[in-house]
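Visitor: Hi! I'm new to this one. Could you walk me through it?
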Amino acid sequence: MIEVNQSTLDYIRQHADEDVRQLALRGHKCLDVDLQYALEQIAGRQKARTKLPSWAAIDGIVYPPHLSMEQCSSEATARYKASIAGKGALFVDLTAGFGVDMALISQGFQKAVHVERQPQLCAISSENFRLLGLNHIEVVCGDGVAYLHTMRHADLLFIDPARRDVHGGRTYDISDCTPNVLEILDEMLEKADRVMIKLSPMLDWRKAVADLGKVNEVHIISVDNECKELLLILSKTKKPLRVFCVNNDECFEVVEGISSQPRPLPQDMRYLYEPNASVMKAGCFDLIEQRFGVVQLERNSHLFVSDKEISGFPGRQFLIEKRTSMNKRELKAALADVDQANITVRNFPMSVAELRKRLKLKEGGDVYIFATTISDEGHQLLVCRKKT
């Protein structure tokens, strides 16, 4: 159990909403206050209000140092993992860290083992699990690969290899992460019915599937349209590959092997559709055309249009109000009543900053401008309003 004196606890409560940097500069005269620990907890709880809201609402949760707090899963992604983890007798996390994934996933299992090599994180996790009433979790302080060699068979094995090298730089390739799951994959598949691997969202998921083999499911997970995780589920039993694109509560299953011939754009281009980040990552643009009856503006623009409103599209939908080329006279007429807008560029020779400067528009508002390339029509701006 982590021992913290009352003066430090009082300080944390009194300054819970204050700027941590200002508190650090101000210091504290009371020698009984462990200022470093207090500032760590204040910063952690402030971060948790958005990243782990249900934990932030619980008085007494202990937070780790800044780097571990930045690297841990969000509550949203952990809940999604728990929803696909299933149930069983034993769940083992070989790289458990702060324990957010463990806390959520383990609730479907009779027993869980949390393996983490950093003693400080083990102490924090033990304290939090006790507070959360997760008494079925055993915390093991040690190396995950060493534990793998001796563990008994599990229903589900989870691993999130560290994506930083010895110098602290970010790495993405599977073989560059620690541990290298390619080296221990066969053993993991022998020791568990299913293996869940969390990888960088920067990876090409098709290459990851090819490198690992025996992948049954791919889950590309986004939160608020920002791609957060690439999750692979493997087993010794070969099954048809299933690919899921997730954004918040929206889940879109991808079917591979769909191809479509270029189709003419509708004469009345009334609606524009922008796929969410997970769908963009999956690259299933031909499938989108086939399933929803929309048409790509251009093969490299990854924006879709239709002449009628489509329901259920996995992404944002807009009503196209005006179209214009980059001709000065056309631009002036199309943007005469616009002084601010949200700008997106896709397959366009200017950056957002360059285009905003050119158009002399402030950021924000309820107008959305998509700068893109349209087949046979060149560079175009589509001035839109968002559909709710």
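Guide: Happy to. This is a predicted model, and of the 388 residues in the protein chain, 50% count as buried.

Visitor: How many helices and strands does the protein chain have?

Guide: There are 15 helices and 16 strands in the protein chain.

Visitor: And what size of box do the C-alpha atoms fill?

Guide: Roughly 70 × 60 × 35 Å, taken along the principal axes. The protein chain exposes about 19500 Å², with carbon and sulfur atoms supplying 48% of that area.

Visitor: Okay, on to helices. At what angle do H1 and H3 pack?

Guide: Helix H1, residues 6-14, and helix H3, residues 35-51, pack at about 35 degrees, and their axes are 9 Å apart. Their crossing is right-handed.

Visitor: Which residues meet there?

Guide: From H1, Thr8, Tyr11 and Ile12 take part. They meet residues of H3 including Leu35, Tyr37, Leu39 and Ile42.

Visitor: Switching topic: where does Gln380 lie?

Guide: Gln380 is part of strand E16, which covers residues 378-386.

Visitor: Is Gln380 buried or exposed?

Guide: Gln380 counts as buried because its relative accessibility is 8%, and the cut-off for buried is under 20%. Leaving aside residues up to four places away in sequence, Gln380 touches Arg323, Thr324, Ser325, Phe348, Phe370, Ala371, Thr372 and Ile374.

Visitor: One more: how many positive and negative side chains are there?

Guide: The protein chain has 50 positive and 53 negative side chains, and the centres of the two sets lie 5 Å apart.

Technical notes: Residues numbered from 1 in each chain as written. Predicted model: local features only at pLDDT ≥ 70, side-chain atom pairs only at ≥ 80, totals over all residues. Heavy atoms only, no water. Helix = DSSP H or I, 4+ residues; strand = E, 2+ residues; numbered from the N terminus. Buried < 20%, exposed > 50% of the residue type's maximum accessible area, 1.4 Å probe, protein only. Areas by Shrake-Rupley, 256 points an atom, 1.4 Å probe, with all protein chains shown as cover. Lys, Arg positive; Asp, Glu negative; His and termini not counted. Charge placed at Lys NZ, Arg CZ, Asp CG, Glu CD. Axes fitted to C-alpha atoms, helices over the stretch in contact; angles between N-to-C directions. Left-handed = near helix turned anticlockwise from the far one by under 90°. Contact = heavy atoms within 4.5 Å.
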